[in-house]
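Hi,

Here is the structure we talked about handing over.

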There are 2 protein chains.
Amino acid sequence: MRKSSSFYAVILSGGSGERFWPLSTPERPKQFLTVFGGKSLLRQAVDRLKGLVPPERVLVVTGKALVKATRAGLPELPRANIVSEPCRRDTAAAVATACGVVEGRGGEDAVAAILTADQVMRDVPAFRRVLADAARAAARSDDIVTMGVAPDYPATGFGYIHVGKPVDIGTKTVFARAIRFVEKPDAKTARRYLASGRYVWNAGMFVWRVATMKAALLKGAPALAILEATVASCRTARGVQQALDTYYPQLPKISIDYAVMEKATNILVSSGAFGWDDVGTWSSADKHLATDARRNVAKGEVALLDVSDSIVLSTGPQVGALGVANLVVVATKDSVLVADKSRVQDLKKLLAKLNQNGA
Amino acid sequence: MRKSSSFYAVILSGGSGERFWPLSTPERPKQFLTVFGGKSLLRQAVDRLKGLVPPERVLVVTGKALVKATRAGLPELPRANIVSEPCRRDTAAAVATACGVVEGRGGEDAVAAILTADQVMRDVPAFRRVLADAARAAARSDDIVTMGVAPDYPATGFGYIHVGKPVDIGTKTVFARAIRFVEKPDAKTARRYLASGRYVWNAGMFVWRVATMKAALLKGAPALAILEATVASCRTARGVQQALDTYYPQLPKISIDYAVMEKATNILVSSGAFGWDDVGTWSSADKHLATDARRNVAKGEVALLDVSDSIVLSTGPQVGALGVANLVVVATKDSVLVADKSRVQDLKKLLAKLNQNGA
């Protein structure tokens, strides 16, 4: 890194709380769940940065409704580092906001990593090595440095990045030019990607110099470049908040992949393997939870009789399951979910139906 | 009926609350449930007697823990008519107790019907006709008059009574001699019983003169005959209660079928059809509940998406069910059951497991 630059970490912590309902709710989305490892995913995301980024340079961009819980969960962060989005405008707006805040504090040569709050990493030291190397690469160049993940199975649930020639920048981590960002593939395509060795998972984490991101925003989403500049010019956290309250409702709802990454030609990709997973839905959650001899996950006051391949969790009532298989059963004091594992991707539809009934 | 005799109704209202867990609990067994018709089954059992037996002659024999709830649910009954069993000693002890109480009030010629609190009857007028005729038959004879139910399918969940020659006692209801009481049959035997036309279901309801039951107890269960005589000699409800508290713990745990009915030779059987069912378990409960186009029962704040042949009930939390079939899902604020319909007969084992975990 250049001497003059400082390194910031920006954790995007949004989420609608639907995919892990009823444990997650709009007021308590996935990143606040503690079932995956005792500490919340958000807490884990911040803890992974210890010694690498001091708390004063860790920012969290989150929804208005989650600010209070975020502050309570991360008391070591300065209050001004929890940036509140007044409404949901997808990831591009959040990145532009973060870029503006970082520029306001560290100038155009400051480097920032966009990280996520709702993922698990089993090999934290490996993650930290790659992140540090990516920061070095971003500081030295005009490239956006994406932290790809070497795939270990033909996942259809993630986007991929097609990687080209390796680029040696003198770090232990190997980088390569990104050729193309691609959407979630079908199973056949995913197998081809895996076999080729030329594709990595898009984990949604990337590192850049402020000047680099500003240029990319100007090219890909001018409205967001204006937001960025406005935020950068604010002198106080209060000023930033007022700017967001004013401009956010009018911003386009687009993802950073769509606004920037898919169009940019200056993208480097690191491809580490640090046991990354995005804890997507209930059906994949058992990968991160201890199972019994019949491949069940049981947590809380729960009794299982002749149950297999099921996830049975309770944070409140006692739950008895009898003679069932391949189910997800999750109970809180307010709500109960009973779903076939193969159907949890339709949870959103079920919630719409529940809310409709309740209305 | 002889002029001198009065007619009493005794409702046996025990139950451990296991078969409809978690809606039923030890403190709130099946007969208190209101899902089967708005009013509790116990309330329905008493209401069926209106005009036939006045409240002063309706007795309820129940467990100590249920006395308060029973009084609250049946405020029109005199307090002394709720007889409290200090511990569980099966049906023979309850019948002997009831016989003693009735003798104490109405003498040896009083007639009493033993009825149950946890059954449904769809044709109440038919039931009342048969009950009145059974009371007439019992008053005029030294027979125990059992109210059999003409079977309409080859049930394997009930005991049967093999009936012999018809006996005309001048009532609209036809009676016959009982040849033999038989236990719950297997499916093949049940089909044979149904085809023969010579078997009726043993509904656990029977009518007798006090003198008749006293003789039967003396023959079949002498210890219970002593209890009966002791209770009959008590002058006050308090005295009855003290006698029960003293003797109950030492009584044998036997059913009235085993102690009396299977041995007695003086048994008449009526065979009416009054839409009787014993609301046995969750898996048969949907017979008594309204179903939707996919054969689901849904009650409470419940949403179903691609669910079929399931019972989903909640008295508390909202419940969402997704992509499941043949399940019983029952949620209260304290407990949740998720069971395959074909397995609900094992609920007792599941509860043992839950209690074990909780201990």
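This is a predicted model: local features need pLDDT of at least 70, side-chain atom pairs count only at pLDDT 80 or more; totals for chains, interfaces and linings use all residues.

Residues are numbered from 1 along each chain as its sequence is written, and chains are lettered from A in the order in which they are written.

Confidence in chain A is lowest in helix α10 (residues 282-285), at a mean of 78, and highest in strand β17 (residues 335-340), at 98. Helices (H or I, at least four residues) and strands (E, at least two) are DSSP runs, numbered from the N terminus. The model scores ipTM 0.78 and pTM 0.80.

Now the interface. Chain B and chain A each give 33 residues to the contact, counted where C-beta atoms, placed from the backbone, lie within 7 Å. On the side of chain B, α11(B) supplies the largest share, eight residues. Strands β17(A) and β15(B) run parallel, joined by five bridges (strands pair if DSSP finds at least two bridges between them), and A:V338 stands opposite B:A321.

Finally, helix α8 of chain A (residues 237-247): A:V240, A:L244 and A:Y247 are buried (20 or more other C-beta atoms within 10 Å of the residue's own; exposed means 12 or fewer, and partly exposed is in between). These buried residues line one face of the helix, because they fall within an arc of 80° seen down the axis of α8(A), the arc being that of the directions from the helix axis to the C-beta atoms. On the other side, A:R238, A:Q242 and A:T246 are exposed.

Best wishes

Technical notes. pLDDT is the predictor's confidence in each residue, from 0 to 100. Two residues are in contact if their C-beta atoms, placed from the backbone, lie within 7 Å.
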